[in-house]
Amino acid sequence: MKRSRKHRLLEHQGTLHAYAMAITREPETAADLVQDCAVRVLRSTRVPADNKAFKVWLFAIVRNLWIDNFRKNKVRNEVSIDDLCETALPVQADLVIVNALAVRLAFEELSADHQDVLALVDIAGFSYAETAGILDVAHGTVMSRVSRARCALASMLEQEDVVDIFARKR
């Protein structure tokens with residue numbers, strides 16, 4: 001049975017939104033990107049039939065919409081640590097929240113290329129080949145960017161003395 005494009009789109013809505021949040025850092029902007037992507041998908045005359053190609057196509061649409069919006073606005077909103085603390089940390093913050101915040105802040109310090117590739121590979125779960133298709137770069141470029149991004153992220157987290165919650169459970 002052939003699924004409608006609406007059902008196929010809904011199947012990927014959660015990961016699309018997670019990817020949009022990773023690249024925009026703003027819930028409203030991320031929601032707008034996913035909604036604009038849905039509009040494009042539903043209006044499109046040509047939709048990939050293959051499920052993998054369809055998923056890659058969706059993420060490419062979100063990325064291209066974000067790039068278009070970025071170019072239009074020419075200003076990238078930066079989130080300050082005070083803003084994050086006000087919205088993300090309760091008065092009695094536990095270690096998981098502190099670590100998540102540290103990872104998020106370190107992620108935001110990465111270059112745009114590194115954020116993009118980690119969002120696609122580690123958050124959205126794309127293979128290197130699929131990521132290469134979305135970003136329109138060589139497979140080897142994706143591999144090197146992922147490696148460098150992960151090393152940079154680990155280095156930043158090491159410097160920040162992130163609490164090892166697993167060490168405490170031993």
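A residue is called buried when its relative accessible area is under 20%, exposed when over 50%, and partly exposed in between (1.4 Å probe, protein chains only). This is a predicted model, where local features need pLDDT of at least 70, side-chain atom pairs count only at pLDDT 80 or more, and totals for chains, interfaces and linings use all residues. Residues are numbered from 1 along each chain as its sequence is written, and side-chain values use heavy atoms, leaving out hydrogens and water.

**Salt bridges**

Searching the whole structure turns up four salt bridges, each a side-chain nitrogen of Lys or Arg within 4 Å of a carboxyl oxygen of Asp or Glu. The table shows some of them.

| Glu108 | Arg25 | 3.8 Å |

Let us begin with Glu108 and Arg25, which form a salt bridge. Glu108 belongs to helix α6 (residues 95-109) and Arg25 to the loop between α2 (13-24) and α3 (27-43), so this pair ties together parts 83 residues apart in sequence. Helices here are DSSP runs (H or I, at least four residues), numbered from the N terminus. Glu108 is buried, at 13% relative accessible area, and Arg25 is buried too, at 8%.

Asp113 is in helix α7 and Arg145 in helix α9 (residues 139-159), so the two tie together parts 32 residues apart in sequence. Asp113 is partly exposed, at 41% relative accessibility.

**Helices α7 and α8**

How do α7 and α8 cross? Their axes, lines fitted to C-alpha atoms over the stretch in contact, come within 10 Å and cross at roughly 135 degrees. On the α7 side, Asp116, Val117, Leu120 and Val121 meet Tyr128, Thr131, Ile134 and Leu135 in α8, where contact means heavy atoms within 4.5 Å. The buried residues of α8 (residues 128-135) are Glu130, Thr131, Ala132, Ile134 and Leu135. Just after α8, Asp136 has a positive phi of about 60 degrees.

Methods: Axes are lines fitted to C-alpha atoms, for helices over the stretch in contact, and angles run from 0 to 180 degrees between N-to-C directions.
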